[in-house]
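Here are my notes on the pockets and the ligand, point by point. Have the model open while you read.

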Amino acid sequence: MLLFLDPGTDQAALAARLGDYGFHVHAHTYEGHTTLGLVGPGKAKAAELQALPGVRRVLPIQEPYKLVSRTFRPDPTLIKVGRATLGGSQMVLMAGPCAVESEAHIHEMARLVAQAGLPVMRGGAFKPRTSPYAFQGHGEEGLKWMRAAADAHGLAVVSEVMDASQIPLMLEYVDVLQVGARNMQNFTLLAALGKVRRPVMLKRGISATIAEWLMAAEYILSGGNYEVILCERGIRTFETATRNTFDISAVPVLKQLTHLPVVVDPSHAIGVRDKVIPLARAGVAAGADGCIVEFHTCPEEAMSDGPQALYPEELQQLARELEGICGAIGRGFARL
Ligand code: PEP
Ligand code: MN
């Protein structure tokens, strides 16, 4: 339920009344007008709410997801990530290795990200691997190396959190907490991320529908953390020619359904280096607010996801091309 308030309404008093009904209240002010999104177990008829002092209009939110919907919030959510802002006029290209591999390597990677003029670096320290025998990431040591490397170049850092118990540690080192595809419906992790005040990049589950994905985001927003970035990273289909199938239609569909920024990850979507750039172009042309790619100084020797890692010169090429596409669709391109 969405309540539109009269100007000058005593919001605290109204919120207390609504709390008595069992609602959790989420306020949003847009163009000088405040609306209250009511979620949770509360029960009251629209007419009853309409009669409360200060309530101008009551609008049921039809979608199963409430706080992530455009009905609750018509204006885009802007999320500051280091020197860049996601969801605004500028498209943000983010890049880095699949995993943080060594101190020296992540420093070199950070230098290359900065050289390409990009404001945000990625890199996993906790890696969700299909095999328990594969490299699992360097953990806290990797986070430390990446933070120092990023700071040396003024970059922000995105890294995956695999479990709620890792959150306090991650908060010491990263600017954006990534939830991987395999954890999109780990509801205890999502609820725990709702309690922190740090942007979360929620990757689409391997076989999740858009509605399921938005409900997963709703878990985080309903906890009070409104800074969620959605990342389309390909879904599992019958097609075997590529690692996953990039659902490009998700980009314009999400832009209509939600106010949250939408990012594309062409690297995991296709899994094949020579097709990452065409997919990235398509995602940005379709309206993505950001694009996150993997690259490596020597993909042949990468500890994970080498076959999809771009070469450093390809990253520079991608940056140039995406800047051109942004120009053609009336968007800026975030530079460090
Ligand atoms: C990653 O970004 O390194 C990753 C593991 O991605 P996904 O969760 O999309 O597979
Ligand atoms: Mn990877």
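1. The lining of the largest pocket splits into nine charged, five polar and three nonpolar residues. For these classes, Asp, Glu, Lys and Arg are charged; Ala, Val, Leu, Ile, Met, Phe, Trp, Tyr, Cys and Pro are nonpolar; the others, Gly among them, are polar.

2. This is a predicted model, with local features needing pLDDT of at least 70 and side-chain atom pairs pLDDT 80 or more, while totals for chains, interfaces and linings use all residues. Residues are numbered from 1 along each chain as written, chains are lettered from A and ligands numbered from 1 in written order, and side-chain values use heavy atoms, without hydrogens or water.

3. Ligand 1 sits in the largest pocket (more than half of its atoms lie within 2 Å of the pocket's grid points). A pocket here is an open set of points on a 1 Å grid over the protein atoms alone, where a 1.4 Å probe fits, with protein on both sides within 12 Å along at least five of seven lines; lining residues have an atom within 4 Å of a point.

4. What holds polar contacts with ligand 1 (N or O pairs within 3.5 Å)? A polar side-chain atom of Arg233 is 2.6 Å from a ligand oxygen. The side chain of Lys127 has an N or O atom 2.8 Å from an oxygen of ligand 1, and a polar backbone atom of Ala181 is also 2.8 Å from a ligand oxygen.

5. The shell around ligand 1 has seven charged, three polar and three nonpolar residues.

Note on methods
Polar contact = N/O pair within 3.5 Å; in protein donor to acceptor, adjacent residues only side chain to side chain.
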